[in-house]
Amino acid sequence: MTSLLSSHLEDCSTSQYFCFSVRCEVCGEYWYSSSIPFSKAAQAAQHQEKKELYDAIYQREKERAKLAAGQEARERFSQCPVCRRLVCDACFLICDEMDLCRECAARMKEPGEPVAT
Amino acid sequence: MQNKLKELRALNAFAKKQSVGMQRKLMLYWVSMILVVFAAVILLLSIAGAFSQSDEQLHEVMELHLQNTQDNLASHLDRLTAQSLNLSKELSREIEGTLVQEGISLQEVNDDPEQLLKLQQIMYPLVNATLQTANCNGAYVILDATANTTLPVSDHSRSGLHLRYSNLSASSPVTPTVVYFRGIPDIARQKDLELHNRWNLEFDTDQIPGCQELMSSPLDRPAQRYFWSRRIDLKGTWESAMLLCVPIVGNDGTVYGVCGVELSALYFQLSYPAVEGQFGSAVTVLAPIQDSRLLLSDGLVGSVNGTYLDGQETLTIHQGRYYNEYDAGTDRYIGLHQTIPISKGEPADTVWAAAIMIPQDSYAAYTAELQRTWVIAALGLLVVLLALSFFLARRFVRPIIDSLKRFQQEELPEQGLSSGISEVDELAEFLNARARNQRLEQGELPPNIAELFDQFVQRKNLLTEAERNILRYYIDGHEIADIPDLAFISMSTVRKHNRSIYEKLGVASRDELMLYIDLLRRCGRLQELF
Amino acid sequence: MKRRWSLLLLLCLLLTGCSAATSGEHLISAAEGSGAYSAALLPFLPGYALRDGEDTLYAEVSQGSAVTCFDVQAIPAMARGVGRYWYPHVLATVVLAVDRTRTDAVITGWNSLREIGVPVGMSSFSVVRNMLAMGALSYGLDPEKPSKRDALDFLEHLCQSGGFELDGSDAPVLICLDYEAAAWNRDGGTYEIIVPVEGTLSYRMGLLSDVPLTLDPGLDEALLAAGLPLEDGEKPSGFPSDYRSARTLSEEDYDRFLILTGDSSRDLRRQVFHTRLYTTADMREHILAALLITAAILLWKGTVSHRMVRHDIRRVVNVLSWLMVGWLLLRLFKYQLPQEGALCRVCWYGYYLFQLALPVALLYLTEILDRTEGEKRLLRPLWPPFVVYVLSVLLVMTNDLHQLVFRFTPGGSWASDYCYGPGYWIVMVFSLLFLASALWRLLRQGCQSPSPRGRFLPLLFCTGLLAYLAAYIKRVPLAWESDLTVNICILSVLFFEAVLHGGLIPVNTQYQRLFASAPINLTLLDADGRTVLSSPGARPVSRSVWQRLRTDMQQPLLRDRDTQFHAVPVRSGMAVWQEDLSQLNRLQKESQDMQTRLEAANALLREEGEVKKRLLAAEANRALFEQLDRDMERRIASLSHLIEALPEEARPGNLTAYITLCLCHIKRRCNLFFLARQGEPLPGDELGMYLDELAELARYGGLKTLLRCGQIGALKIRSAALCYDFAFETISWALREEASPLMGYLEKEGSQLAFRFLPGGNPGRWQFSRELTAAVSALGGQIVCKDLDDAFGICLTLPFGGESSD
């Protein structure tokens, strides 16, 4: 699941902070991870000469932020066992037999209750 | 000192080490709380002046009283003065008329009883009228003449008339009897008056200080100079009185004599009764002040009911904020005084004052009463608060102690005990769980375990496929956090499933669920769950 | 919501006084001055006890008591269904009583009062008595068409000229009831009782009851003995003899009487004495005004709550308005209570619960203004005022115990006869301190406000407050006589409005409508990410989106592929608007499609071009070979012809040499042809070699040949080929004609290439092949035969177009 999510994470980071988004493939809505500020954001702007060092730190922190974002996304995203798409909690229904995404459930005419509203 | 401190510290440490009951501790907190609040309230009240209120109140009452008394007294004395001045004017006209008619001067009346008698006969109706109308107990007139100049006492013996009321008392104030105190007895016989049993023909002017001086110096008009004498003992009687001395001034300025009214101590006492108030009975005093001392022996004192004054004391004045204190040596009085001008043209060494006095004992009794009320109320409040704190502490501690007792008696109900305090319940549950675990570890099984298992296994059929999946993960020993990765569902979904799993299986927590699974595994019935 | 209503209901119940009814047989004296009557009546009503009226006449009657009252009270009451039995006994006439020891003015009736200039008083202050007097006066001044206006004008005139007092029982002329005056005279008064000649009214006094009453016989005598005139006109002694001008009301007059005398207390206060102009004058006005102001305050609260974004300030508004409403309702409740009661006093103390809280609330308001919502640090500095408030209220409420706040004689009439103690001043000083610090904070924040209105309005409010205080101190009627409670409420409301309109609180007056009609999808969020306002089409902003926006507002972000959020910070929150990207996305998609299509087309074209090129190359090769074929064909044909002819040839050596020459020529021509294909120039040396080769071969045929090449550099293949062809044809000719020796020289002359031959014979009939001449002329050159003196010269000139090495 983690690897699936990390492959779906889209990078919306800026030079100041790290933020990743995941898009629900059913409703199309983006979910954004909590932004984590880049620890050297202020210094990086002042010291252009240390750019390489800061770039390295940036990359390292970004990796860490990406992991955190994946963990965060794990709370909200499921994979539909039928269509294999990544869906948000609002689009993921708990049905009697099997948990399905909203569209698959509609196709199979399965009633269900969304995990989150 | 340092040793003491050390000891104290050691004591404190010892006290800290001592295990104290919960209730006592709680009680201690409550009590200290209450004491602090109580102290704050007392402080606030004392700042707000709740305790000095009675002094202020006393001050107000006394000031009012003094004002009233002074007004009364001043108007009384003023009226007497006015009547005496009137008397003096009329007497001088009559005397002059008679003298002119007879063609003699006043000096020639000396040693002439007939002329004196004549003069006194003229003067009598005036004096009598003054006595009847004025608010006093006696009226008199002294002529600057004597019946016998040859006598040794002739230089301070003067002819005159003095009428006074005899049977003054509080019980029969309406019909006093006029008695003849000084004067030629023929008039008494003519007017059918009783002679005073200490009757005398003439006045002894030495008894009246200032009288001689008044007669000897010429004046323009009587209002120029008059005075009230200090209290003097009436010669030969037990009574004492103050005399208003007004000169009888002739046309040419010669002073024919002195006339006026008399205020006896008894009369004053009857006129100014003591006023009973909530602080004690207040006595009215009219007395001269000398060197910040009030000379009661020279003045008049109202009714002294309820006090120990006898009218002879000399009181030392101590000024106070709300009231003055008057020290009589043995007794103390509190009150207020105010100077009052009653004489005119007199040497200014005597200042007269009107005063109101209350025995300090009675006021002290009053304030003590008030204080007692406060103290009792405060103590009552304190006791009520303490009782309340005791009650509350007990109420708070009771369920805890009860449940602790039940722990000690090893009667741990399976369903958890409900003491009404969540911490205690949790502790109970924890102990229960531990006890159960211990038993399990010792290989024991709870008695109704088989039944429980059956129920559990049966209930498992209620689960949906997805929930069963998750349960399987648990059985395989996975943690909740692993499940999203394994089942490709979000954590929220897992939680949601968890809730319904717990609900359907009738367990309260994951621990309980794991306990069931563990037990089933031990019993080898785990496959029933699949 | 439910709880609030139940609270209101409870309050209403309290106000209406739902106390347990004590029913009993009581004789209530409801009419002022009916004491004598009641006393005389009591022995004739066995089982009844005399009691003072505690409630309204209506309530007392419905509780089963018998009530003594006037007909003007009883008959309208019966018309409204209160009381069923009415027993009139006494006839009371409104008269003038003149104290003859104090005035000897001639008085005959109402109008004569206007001239005498002597103070006139009413004997009693009660409402009923005012009604009776007003009625009598109205009827007296104009018996036909009595009007209230006349009576009030008359009294106003009296009040202004001679002096008229409502509670003037010591005035020399009194408006009173006749039996009252007779009673005074019996007690030693010296009143002359005058029945006004203009007319007056007689009222019947009697008993009103819900149950029939049996009165013991002998009542009339007893009433006469008590000095009361009977209903049938019989009067005891001491009454005036002439009652002709007095009339009694008939059944149909009562309604008009009530119209005439209704609200008489209020009218007397307002129109005669000109008091209470700015405040409520009677009970009905008290109630109505309180309810009206309460409603206004609640309305205000509603509007303000709608205008506000911040929740904490909304809470302050709620507290403020409920404080004011509570105060007003408590006051109203107190008005309903009998005076002098302990409950009434507690209500009085209760005022301070609300009054003292208002400055604290305002202080709190100014305290939270410039802080963000939900800041916890805020509460700390507000503890002291709150504690002081609680202590103050406790101090006031326990006043009965210590009398520090209000001082009055216990058991006395505390309502009117009290003075303030030190506690009151302390409490007030604190309260004013809070108010002053609230004002100070308001002013300071106003000064920092960027808008001119924010600076101006607090100043304006302070000025207004100072003006009010000055007016109050100067006893200006509008400030001094108006209702202090209402004024304080209005000032609090104004304070708040000053804060609001000064821009110190974010306001959303018209936002709702703006949002409803906004074409863009706009959402307003508060500091906690809750949606405050949202236009109808706007999609909800999810929590994660809000968090991300809060971190970085500059960066827009996608909600989904078609919606983009942009945010700007607003005070204590943010505004988010949504951009619809679907059009853009569609365009982008279209352009992408187009691009891919174009790319595909390009690839296709490129491939086609390549194929074409390959085709062209093949074609060119074919053409080349064809040309080569064509070129060579003639030569090969003539060569094969020559070879065939070789055996019959007489001189085979010559012919063989010629054939060899031809073969060499063909071979070199092919070389040159391919060189020409490669597009490479031919160096002059190589051409010289080729020419030497030809000359060598010609020598085998017996032709002495000398060919020389000058420095000519690289040559174009075509020029070189022409030169080579020219040399070949010339050598072939010379070989055939045996014009030995042949000399040739190739050189560069200026811009021209010149190839000259000097043959040993006459070239008179010699023709060059047509192909050669055509090719030479095509290249712009020429072949010239010159007849020199002893020899002939053949010259080829070509323009030098090749890459010259120099």
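Predicted model: local features only at pLDDT ≥ 70, side-chain atom pairs only at ≥ 80, totals over all residues.
**A walk through chains A, B and C**

Helix 27 of chain C is followed by C:Glu738, a residue whose phi is positive, near 55 degrees.

Chain C contains 28 helices and 22 strands, and of its 806 residues 31% count as buried. If one takes the contacts in chain C between residues at least 6 apart in sequence, 68% of them join residues that are at least 24 apart.

Chain B can be described in the same terms. It has 14 helices and 17 strands, and 28% of the 530 residues of chain B count as buried. Among the contacts in chain B between residues at least 6 apart in sequence, 58% join residues at least 24 apart.

Chain B also touches chain A, and the contact takes 17 residues from chain A and twelve residues from chain B. On the side of chain A that touches chain B, the elements that give two or more residues are strand 6, residues 77-79, and strand 8, residues 92-95. Strand 6 of chain A provides the largest share of that side, namely three residues. Sorted by class, the side of chain A that touches chain B has seven nonpolar, three polar and seven charged residues.

Elsewhere in the description of chain A there is a sheet to follow strand by strand. Three strands of chain A form an open sheet in the order 1-3-4, and their pairing is antiparallel. Strand 1 (10-11) and strand 4 (30-32) of chain A stand at the edges, where each has a single partner strand, so one side of each is left without a neighbour in the sheet. Strand 1 of chain A is joined by two bridges to strand 3 of chain A, residues 20-23, and these two strands run antiparallel. To find this pairing in the model, the reader may look for A:Asp11, which stands opposite A:Phe20 in strand 3 of chain A.

Terms used
Residues numbered from 1 in each chain as written. Chains lettered and ligands numbered in written order. Pairing = 2+ DSSP bridges. Helix = DSSP H or I, 4+ residues; strand = E, 2+ residues; numbered from the N terminus. Buried ≥ 20, exposed ≤ 12 C-beta atoms within 10 Å, placed from the backbone. Contact = placed C-beta atoms within 7 Å. Nonpolar A, V, L, I, M, F, W, Y, C, P; charged D, E, K, R; others polar.
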